[in-house]
Amino acid sequence: DPLITFVAASVIGGFICRVLQIPPLVGVLWIAIVWNNVPYVGYLTSGILPEVKVVASRLGLTVVLLRAGFSTNWKALQPIWKNASLLALFAVLLEGGIHTVL
């Protein structure tokens with residue numbers, strides 16, 4: 001049942017994205033938000049194990065980040081590569097520091 005629900009949701013989601021003319025990446029983010037807020041009770045979600053939900057969420061996040069990275073215009077980033085690198089490094093260091101303290 002969960003596999004059929006997953007496939008049906010992806011087909012319906014793709015159709016909705018085409019009808020609303022929104023980028024598929026926005027649709028993936030919207031579905032991820034909905035997916036993480038679905039309770040574990042009910043006929044359609046009762047067979048989804050928490051471990052499967054975690055793996056599916058992380059895989060979806062990885063796909064979103066990869067697709068966003070592959071669509072980055074690197075020539076447009078060349079003039080500001082120092083600022084972008086510092087911003088990325090700052091975020092990594094800040095998160096690492098917070099996880100170290102906590």
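1. Of the 102 residues of this protein, 7% count as buried. Here, buried means a relative accessible area under 20%, exposed means over 50%, and partly exposed lies in between, with a 1.4 Å probe and protein chains only. The accessible surface of the protein comes to about 8,700 Å², and 75% of this belongs to carbon and sulfur atoms. Such areas come from the Shrake-Rupley method with a 1.4 Å probe, and for residues only the protein chains shown count as cover.

2. The structure is a predicted model, in which local features need pLDDT of at least 70 and side-chain atom pairs count only at pLDDT 80 or more, while totals for chains, interfaces and linings use all residues. Residues are numbered from 1 along each chain as its sequence is written, and side-chain values use heavy atoms, with hydrogens and water left out.

3. The term pLDDT denotes the predictor's confidence in each residue, from 0 to 100. The mean pLDDT of the protein is 78, and 83% of its residues reach 70 or more. Among the elements, the lowest mean pLDDT (74) is that of helix H2, residues 24–36, and the highest (88) is that of helix H5, residues 81–101.

4. The protein has 5 helices and 0 strands, and its pattern along the sequence reads α-α-α-α-α. These elements are DSSP runs numbered from the N terminus: helices (H or I) have at least four residues and strands (E) at least two.

5. Helix H5 has 21 residues and reaches 30 Å from its first C-alpha to its last, close to the 30 Å expected at 1.5 Å a residue. The expected span is 1.5 Å times one less than the number of residues in the helix. Because the number of buried residues among the 21 of H5 is 0, this helix lies largely in the open.

6. A nonpolar patch on the surface is formed by Ile-12, Phe-15, Ile-16, Val-19, Leu-20, Ile-22 and Val-26, which together have about 640 Å² of accessible area. Patch residues have over 30% relative accessible area and no salt bridge; like charges are joined within 9 Å, and nonpolar side chains (Val, Leu, Ile, Met, Phe, Trp, Tyr) within 5 Å. A salt bridge is a side-chain nitrogen of Lys or Arg within 4 Å of a carboxyl oxygen of Asp or Glu. Helix H1 gives the most to the patch, with 5 residues. Ile-16 is found in H1 and counts as partly exposed, at 34% relative accessibility.

7. Cys-17 is also found in helix H1, but it counts as buried, at 13% relative accessibility. Leaving aside residues up to four places away in sequence, Cys-17 touches Ile-22, Pro-23 and Gly-27, where contact means heavy atoms within 4.5 Å. The C-alpha atoms of Cys-17 and Gly-27 are separated by 6.2 Å, although these residues are 10 apart along the chain.

8. Gln-21 lies in the loop between H1 (2–20) and H2. This residue has a positive phi of about 55 degrees although it is not a glycine. Gln-21 is exposed, with a relative accessible area of 70%.

9. Ala-32 is found in helix H2 and is partly exposed, with a relative accessible area of 34%. Its C-alpha atom is separated by 7.0 Å from that of Ser-57, 25 residues apart along the chain.
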